[in-house]
Amino acid sequence: EAWGTSRASSGTSDNGASIATELETGFINFGYPGISSLREVFIDGEASVDVTFTVEGEVLGSRDVITKTVILGVAGKVLGVFVIGTDYLASTALSQVEFTMPLTGRGFKLRLRETGTGVPYIVTAITMTHMLERMRAR
C-alpha cells in the first residue's frame with residue numbers, strides 16, 4: 001500500500017475544519033507559439049455525491065483571473081423515477097462537467113478548489129479544447 005494500510009482513512013476534515021483540495025495545472029500553450037483561445041473545459045471524475053469546484057483560469061502574463069463555480073454531479077436516475085425522453089442512464093460514480101472559460105493568450109493555467117467535508121471523490125481528467133487565433137510579431 002502506497003499510503004499505509006487499506007484500513008487507514010485520512011478523512012476530509014482536520015479537527016472539525018474542512019481540508020481544502022486544490023489542483024493546479026502549469027501554463028499550457030498546446031505547442032502553438034501564437035495566440036489561442038480556450039473554448040471548453042471538461043472535468044471528469046468519480047463521485048457518489050455532487051462536488052462543487054471553484055475553477056480559476058489565468059492567461060500567461062496577465063493578472064486577470066476568471067472564476068467559475070461548477071458542479072461535478074451524479075446524473076443517473078433510478079429506474080423507478082426514469083422518464084423516457086427526459087432522463088438518461090449514467091453511472092452513479094462516473095461524471096463529467098463541461099463549461100466555457102473565456103481565456104485568450106499564449107498560455108493558460110487552471111486551478112480547481114474544493115473545500116467540502118463530504119465523501120471522497122476522484123478527478124480523473126481535465127480536458128481543454130482551444131482554437132488557434134493568430135501569430136503575433138515579436
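Two strands count as paired if DSSP finds at least two bridges between them. Strands here are DSSP runs of E with at least two residues, numbered from the N terminus. The model is predicted, so local features need pLDDT of at least 70 and side-chain atom pairs count only at pLDDT 80 or more, while totals for chains, interfaces and linings use all residues. Residues are numbered from 1 along each chain as its sequence is written, and side-chain values use heavy atoms, with hydrogens and water left out.

Select residues 51-59, which are strand 5. Strand 5 pairs with strand 6 in the antiparallel sense over eight bridges. Within this pair, Val 55 stands opposite Lys 68 of strand 6.

Next, select residues 35-46 and 94-105. These are strand 4 and strand 7, joined by 10 antiparallel bridges. Ile 43 stands opposite Val 97 in strand 7. In a regular strand, side chains alternate between the two faces of the sheet. On strand 7, the covered face includes Val 97, Phe 99 and Met 101, and the uncovered face includes Gln 96, Glu 98 and Thr 100.

Finally, select Ile 19, in the loop between strand 2 (17-18) and strand 3 (21-24). Ile 19 is partly exposed, with a relative accessible area of 38%; buried means under 20%, exposed over 50%, and partly exposed in between (1.4 Å probe, protein chains only).

Conventions:
Helices (H or I, at least four residues) and strands (E, at least two) are DSSP runs, numbered from the N terminus.
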